[in-house]
Structures are given as structure tokens and as C-alpha cells.
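Welcome! Let us take a walk through this model and look at how some of its charged side chains pair up.

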Amino acid sequence: IERIDRVKGSIFNVGGGPRNVMSLHDLITLLEKLAKGRRDVRYEDWRPGDQRIFVCDVSKARRDLDWMPRTPPEAGVEELYAWVKKNVGLFG
């Protein structure tokens, strides 16, 4: 809000950046731990356009908004999981 005149209309990557990566496999493992049980996960062939690795470049957000990720991926997933579990009625 403080920089709206300078950044309005801009697009920002607000992922974790290179210091906060999490593989899909690690995410599934963490979700299974939080849910206290294995889930039926199915792996398919690669599709055209799939990326083997994707890491958000947050340098524009750091430069223009003075923003950097503060929450490690595991903690963020755990917080989101707890919030969804508490608010499951919103997803009906």
C-alpha cells in the first residue's frame, strides 16, 4: 500500500525463492505426516510444458516492495494445513 503509486499494475513472484524450496515429494510426505496417514498418490508421465524444477525469483518483490519470504516452507505448509483443518467448512 505504501508503494502503490510505484508498483500498481505490476506482477510479483512471491514464492519462497532459492533458499526456501520444497519438492513435490517432500510436500506429499509432509502432508501425509500432518494427516497421520498415507494418501493415494498417483504418478503420471511428464506433460508438455512440465518443469522439473521451479523456483520463484523474488528479487523484484525484494527490490520494489522490500519483501522477502520469512516463513520456511515446512512451517508455512503446517500453518496452512492447520488453518484449512480449522476452516474445513469453507471448502464445501
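A residue is called buried when its relative accessible area is under 20%, exposed when that area is over 50%, and partly exposed in between. E32 has a relative accessibility of 11%, so this residue counts as buried. Please keep in mind, as you look around, that the model is predicted.

E32 has a partner to meet. R38 forms a salt bridge with E32, and their closest N and O atoms are 3.5 Å apart. While E32 is buried, R38 is exposed, because its relative accessible area is 71%.

Now find R63 and D64. Their side chains also meet in a salt bridge, with 2.9 Å from N to O. Here R63 has a relative accessibility of 58% and therefore counts as exposed, whereas D64 is buried at 14%.

Which residue does R47 meet in a salt bridge? The partner is D50, and the N to O distance between the two side chains is 3.2 Å. R47 is exposed, since its relative accessibility is 59%. D50 has a relative accessible area of 30%, so this residue is partly exposed.

How many salt bridges does the count come to? The total is 4 salt bridges, and among them are the pairs R38 with E32, R63 with D64 and R47 with D50.

Technical notes: Residues are numbered from 1 along each chain as its sequence is written. This is a predicted model: local features need pLDDT of at least 70, side-chain atom pairs count only at pLDDT 80 or more; totals for chains, interfaces and linings use all residues. Side-chain values use heavy atoms; hydrogens and water are left out. Buried means under 20% relative accessible area, exposed over 50%, partly exposed in between (1.4 Å probe, protein chains only).
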